[in-house]
Amino acid sequence: MTVEGSGAIEALRCLACGTAHPIALLYRCPACRGILQVERSVPASGMWRRSDFVADEVTLGEGDTPLREVPASLVSAEFGGRLYVKDETRNPSGSFKDRLVAAAMTQARRLGVERVVSASSGNAGAAAACYAANAGIPALICCPESTPHGKLAQIKAYGAQLELVPGHYGNSFARAMELTRQGYANLTTTYLNPFGVDALRLFGQEIVTALGKGTANWVAIPTSSGPLVQGVYQGFADHGAKVRILAAQAEGCAPIASAFASNAAAVQPWNNPHTVASGISDPLIEHADEGTHTLTLVRSSNGQALASPDEEILAAMADLARRAGIFCEPTAAASLASVRRLFRAGGLDPSATVVCAVTGHGFKDFSAWSSLTLK
Ligand SMILES: *Cc1c(COP(=O)(O)O)cnc(C)c1O
Ligand SMILES: [Zn+2]
C-alpha cells in the first residue's frame with residue numbers, strides 16, 4: 001500500500017532483521033519485533049524540510065527553536081569553550097515531544113485513524129493531547145500515578161481522557177499497547193512510532209544549520225529511550241557532519257549510562273526507577289532493545305552516557321534560570337548536569353563547543369521548583 005501525500009516516505013525498515021515493510025501503522029517489525037525506522041528518498045537538496053514530515057493542518061509551529069549562546073561558566077569557571085542551549089521549551093506544549101507527535105499525528109490522520117493513545121511520563125501525553133485537540137480527535141493518555149501534577153493538569157486542560165496507571169512507566173506503556181490492539185493509533189514517543197522519531201532528525205539539522213558544519217563538538221541530551229539521540233545523530237549525518245553525543249540520565253534511572261559504564265553490549269531494564277527527572281524515568285521494561293540501539297549510536301558518535309544525582313540536576317536547573325534566563329523542568333537540566341560531570345572527569349576539552357538540549361519547560365513541574373525557591 002502506498003499512501004497519497006505521504007511525502008518522501010518509502011518504507012519502514014526493521015533495524016533487527018532488515019525487512020522493509022510498506023507504510024502502515026506498524027510499531028514493531030511483524031516478522032521479528034525489531035525497531036522500525038522510516039526510510040525516505042533523499043530530496044535533491046539533500047536536506048528535508050518540516051513539510052516533508054508534518055501536514056499544514058496538523059502543525060502548531062513546533063521545532064525551529066532558538067539555539068542561544070549562554071555563559072560558558074555555567075559548565076565551570078575553568079571551562080573556556082562555548083556553551084549553547086537548544087531551547088525546546090518554546091514548543092507549543094512546552095517540550096520537544098511536539099516534534100514527534102506532530103509527525104506521528106500527520107501519519108495517523110493520513111492512515112485514517114479516529115482515536116489516539118499515548119503512554120507518557122507527562123510531556124508526550126501533553127503533546128498528544130494538544131495535537132489531538134487541534135485535530136478534533138479523541139485522545140487517551142496513560143500516565144504513571146507519580147507523574148508531576150502540572151503535567152497531568154496540562155493533559156486534562158487539552159480535553160484528553162487521562163488514565164492513571166499504578167506503578168512505573170512500564171505499566172503505562174503496556175496499557176497503551178493493549179489499547180492499540182483495540183484500534184487506537186499509538187503516538188507514544190519512544191521508538192514505538194517510527195513516523196514520530198523520524199522527524200527528530202530536523203533537531204540535529206537545525207543545530208548544524210545554525211552553527212555551521214564542524215563547529216559543535218558535543219551535544220548533551222536528556223535521554224530516556226533515546227529517540228532524540230537518534231535525531232541528533234541522523235541530523236548531523238544528513239549534513240555529512242559528526243558530533244559527539246552525551247546521553248544524560250539520572251542516577252535513579254540510568255539503564256543506558258550503567259551499560260556504558262560497564263562496557264556492556266546490551267542495555268538491561270532498570271529496577272525501581274526513582275528520580276525528580278520525570279521525563280527520563282522510563283525503566284525500559286519490555287523495550288530495553290531501544291536502549292541498546294541508543295547506546296550503539298552514542299558509542300559510534302565517540303560519545304558518552306553519564307548519570308547525575310538529583311541534587312546536581314536541580315542545581316543545574318536553578319543555574320539555567322538564574323544565569324541564563326531559561327526556566328526548565330528538572331529533566332531538561334540533566335544535559336547541563338552531565339556536561340559538568342564530563343568536564344570534572346577531564347573528558348571535555350576546555351575549548352570545546354557544547355550544545356545542551358533543554359527539552360521541557362519549567363511551568364510543567366512547579367513541585368520541583370517549589371522545593372528550591374521556597375528555601
Ligand atoms: C521524553 C523526554 C526526554 C527523553 O527523550 P527520549 O528521546 O525519549 O530519550 C528528555 N527530556 C524531556 C523533557 C522529555 O519529556
Ligand atoms: Zn524484523
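Predicted model: local features only at pLDDT ≥ 70, side-chain atom pairs only at ≥ 80, totals over all residues.
Residues are numbered from 1 along each chain as its sequence is written, ligands are numbered from 1 in the order in which they are written, and side-chain values use heavy atoms, with hydrogens and water left out.

**Ligand 1**
- A polar side-chain atom of Lys97 lies 2.7 Å from an oxygen atom of ligand 1, and backbone N or O atoms lie 2.8 Å from such an oxygen atom in Gly226 and 3.0 Å in Leu228.
- Of the 380 Å² of accessible area that ligand 1 has on its own, the protein covers 96% (Shrake-Rupley method, 1.4 Å probe).

**Zinc site**
- The zinc ion (ligand 2) is coordinated at 2.3 to 2.4 Å by the SG atoms of Cys14, Cys17, Cys29 and Cys32, and along the chain these donors follow the spacing C-x2-C-x11-C-x2-C.
- The arrangement around the zinc ion is tetrahedral because its 4 donor atoms subtend angles of 99 to 115°, where four donors count as tetrahedral if all angles lie between 85 and 135 degrees; donors are N, O and S atoms within 2.8 Å of the metal (3.2 Å for Na, K and Ca), and sites may look incomplete because water is not among the atoms.

- Cys14 counts as buried at 3% relative accessibility, whereas Cys17, at 40%, counts as partly exposed (buried is under 20% relative accessible area, exposed over 50%, partly exposed in between, with a 1.4 Å probe and protein chains only).

Definitions and conventions. Tetrahedral: all angles 85-135°; square planar, octahedral: opposite > 155°, others 65-115°. Polar contact = N/O pair within 3.5 Å; in protein donor to acceptor, adjacent residues only side chain to side chain.
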